[in-house]
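Student: I'm new to this one and would like a close look at a single part. Could you pick the nonpolar patch on the surface and walk me through the helix behind it?

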Amino acid sequence: MSYDKAQKPVTREELELAVQSFEQMDGMAKYAQMMESAMNMMRDHFDMTERALKMVQSLHEKQLQGIDHWIDMCKFLLPLFVAIATAGLTLDNIATFNSQIATIIGSVGFLVFFAGLFKLSQKRQKLLSKQEKDIENLHKTFQEGQELVNILKAQAQDERGEMTDDKMREQLEKVLSALKRTKNE
């Protein structure tokens, strides 16, 4: 066999470079797997967070609807009881109308529904502050998941190391040329 310049034998350095390239390609495969895993985790995390947010919002709406219904009822009945109490205080001379009973019913009804309105308003405020805490906890969970994904991405970058796409292509070209030469020998 004659060796000319175009077909020189494969050197030990070229073989070591080829082995290194294959090891780095394995690292790139691990990098790709880790990045895919991180992206899948991020997608799942976004989906779960979105579903949790929708559930929390729906729950909050239902809770507020119940309280708002009773508050509206109190707001509707307050003027009615005020009118009855006022009628009891102003109408004394009508035979079919007992002004004392009307005054008592109107006053008691007004006090009861005013107290109810006050209590329901307090309950609504407590519920709103609890709902705000729920949203904050959900946001915190979202941020923790985002940090976990960032950690996975950083690990993938560590696995990839200094191997950029250009360096990888250059080494693969060297490996392929060395393999072609060994095949021709």
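Tutor: Helix α2 (residues 99-160) supplies the largest share of the nonpolar patch, three residues. Helices here are DSSP runs of H or I with at least four residues, strands are runs of E with at least two, and both are numbered from the N terminus. Keep in mind that this is a predicted model, where local features need pLDDT of at least 70, side-chain atom pairs count only at pLDDT 80 or more, and totals for chains, interfaces and linings use all residues. Residues are numbered from 1 along each chain as its sequence is written, and side-chain values use heavy atoms, with hydrogens and water left out.

The patch itself is made up of V82, F110, L111 and F114, which together have about 360 Å² of accessible area. That area comes from the Shrake-Rupley method with a 1.4 Å probe, and for residues only the protein chains shown count as cover. To join a patch, a residue needs over 30% relative accessible area and no salt bridge; nonpolar side chains (Val, Leu, Ile, Met, Phe, Trp, Tyr) are joined within 5 Å, like charges within 9 Å. A salt bridge, by the way, is a side-chain nitrogen of Lys or Arg within 4 Å of a carboxyl oxygen of Asp or Glu.

Take F110, which lies in helix α2. F110 counts as partly exposed because its relative accessibility is 31%; buried means under 20%, exposed over 50%, and partly exposed is in between (1.4 Å probe, protein chains only).

Now for T103, also placed in helix α2. With a relative accessible area of 17%, T103 is buried. Leaving out residues up to four places away in sequence, T103 touches I84, A85, G88 and L89, where a contact means heavy atoms within 4.5 Å.

Further along helix α2 sits Q131, which is buried too, at 7% relative accessible area. Setting aside residues up to four places away, Q131 touches H60, Q63 and L64. Its side chain also makes a polar contact with the side chain of Q63, at 3.4 Å. A polar contact is a pair of N or O atoms within 3.5 Å; within protein, one must be able to donate a hydrogen and the other to accept it, and residues adjacent in sequence count only if both atoms are side-chain atoms.

How much can you trust this part? Among the chain's elements, α2 has the highest mean pLDDT (85), and helix α3 (residues 165-184) the lowest (64); pLDDT is the predictor's confidence in each residue, from 0 to 100.
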